[in-house]
Amino acid sequence: MRIAVIATYTHPTRLRIKEPSIMQSSVPELIAGLCPEHAHVELYNEKEADIPMDRHWDLVFFSYLHSYYEHTKVLSTLFRQRGMKTVAGGRHASYFPDDAKQYFDAVITGEPEANVPALIEDFEKGQLQPVYSRPSLGASAIRPYRYELIDFTNNKLRLPGIEASRGCPFTCNFCVLTGNERYRFRPVSAVIDEIQTRMRWNPNYLGLMGDAFVFLDNNLGGSPKYLRELCEALIPLKKTWGCALTFNVLKDESLVKLMAKAGCRYVYTGLESLNPDSIKAMNKGQNKLSEVDAVIRRVFSAGILLSFGLIVGSDGDTNEYLEKLPMYLADLKYFSVTFLGIVCPYPETPFFRELQAEGRLLPGTVSRDYDGYTLCHQPKNLHTSEVIEHFNRLCGELGSLPNIAKHYWSKLTMSDMPRYKQTILFSGPEILSIRNPVKNKARRYIAGQDALEEWDVRQMDVLRLQPQRLT
């Protein structure tokens, strides 16, 4: 039996652009680990390389985000015409199973550990069901990934990833996890064993990235007690790693030092905004802006690069705040922004339901627009065109070469911990990538006002497919 697991991708510019980077979807390796030993499994990540359209598989699993749905259903339809069976999974498929059933032979609406093996067993019996929604088996059921199937030649920067936990204990109103996924974690012993015995390392750059990996968790610090236990177990391994966690965890100085001792050299946290009104509107009470500067200095001094994500278009945003944002960042001398987006009301979130009830979703919105770089609603204090003007300007300023030079100059000497300086140097291209989403000057970045990708439009016309309209 031949199985393909495909992580699809469409660039925010709506141009055909690949984006190799350290962080990539690891869903293909996860799904592959759930396939039977007798299956021949191939993995494809469209963010790194094109999918070979001339190959044939018996079963094709698709992993995709909301904004990749139109593209993914085109691929699925083309494969189904050639006799292949296709499967959709992920948050979009779980929330819109009836829509997805039109374009895929089966839809997984639950977690993969319980559903993928059951689906494959049914497929081999010729009894494939349209929907698989078996309940979660718990975080302890997560199996080791198929690291040996990662192709580091397509993306020389990539690091292997691992899950220690799933979900998040917080309830931010714009987050797809809120109300949909509770927080839980794996036994520490299972995580350590996977790192020691299963993980494969990036051999590129003369081994400079060897023994380095990333935690794929939404919030590795969802339980500080668990994080402490995990860090204690990681110390003897002498590995280098990065993770994402919420800002409140970093206020614990002893925990930050323990993370650094355990090999942590990179932390991403979604601070989202420096505007208290915007933080309040997001229900993101764990972020206390008065503590930002002290926490940043403490984390860098411990030997950890702290990276932030910011978003514009929140209900608390004003022209005055967005115009002064670079000045606020300059006041925080060591602040590092590696992601800038537009707040997105994903359909399964409280934020979407709030906007829908108030009639503030923009007309003509399709699933492709929910990419985190397209304005899908009318903010309370800004015109839609003003949000996009600020977004374009900030992408250029924050992703500039002078800003990267300041980043290097201010941070390279803040710690002497092993691999700290190397991590700082590798982060430069990540900051530069902030400019990438706005490279298509023809795009409006307002929902309903930009066409889909040319290839997808042609295929959808031939296949008589329509975009999923959400307003």
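**Ring pairs and a helix contact**

Reader: How many aromatic pairs does a search of the whole structure find?

Author: Rings of Phe, Tyr and Trp (its six-membered ring) pair if their centres lie within 6.5 Å; planes under 30 degrees apart are stacked, over 60 edge-to-face, and the rest tilted. This is a predicted model, in which local features need pLDDT of at least 70 and side-chain atom pairs pLDDT 80 or more, while totals for chains, interfaces and linings use all residues. Residues are numbered from 1 along each chain as its sequence is written, and side-chain values use heavy atoms, without hydrogens and water. Searching the whole structure gives a count of aromatic pairs of 22.

Reader: Which class describes the pair of Phe 62 and Phe 104?

Author: Phe 62 and Phe 104 are both buried (under 20% relative accessible area, with exposed over 50% and partly exposed in between; 1.4 Å probe, protein chains only). Their ring centres are 6.0 Å apart and their planes lie at 70°, so the pair is edge-to-face.

Reader: Which class describes the rings of Tyr 373 and Phe 391?

Author: Both Tyr 373 and Phe 391 are buried. Their ring centres are 6.5 Å apart with planes at 45°, so the pair is tilted.

Reader: How is helix 14 oriented to helix 15, roughly parallel or roughly antiparallel?

Author: Helices (H or I, at least four residues) are DSSP runs numbered from the N terminus; axes are lines fitted to C-alpha atoms over the stretch in contact, with angles from 0 to 180 degrees between N-to-C directions. Helix 14 (residues 401-411) and helix 15 (residues 420-432) pack at about 165°, their axes 10 Å apart. Angles under 35 degrees are roughly parallel, over 145 roughly antiparallel, 65 to 115 roughly perpendicular and the rest oblique. Helix 14 is therefore, relative to helix 15, roughly antiparallel.

Note on methods
Helices (H or I, at least four residues) and strands (E, at least two) are DSSP runs, numbered from the N terminus.
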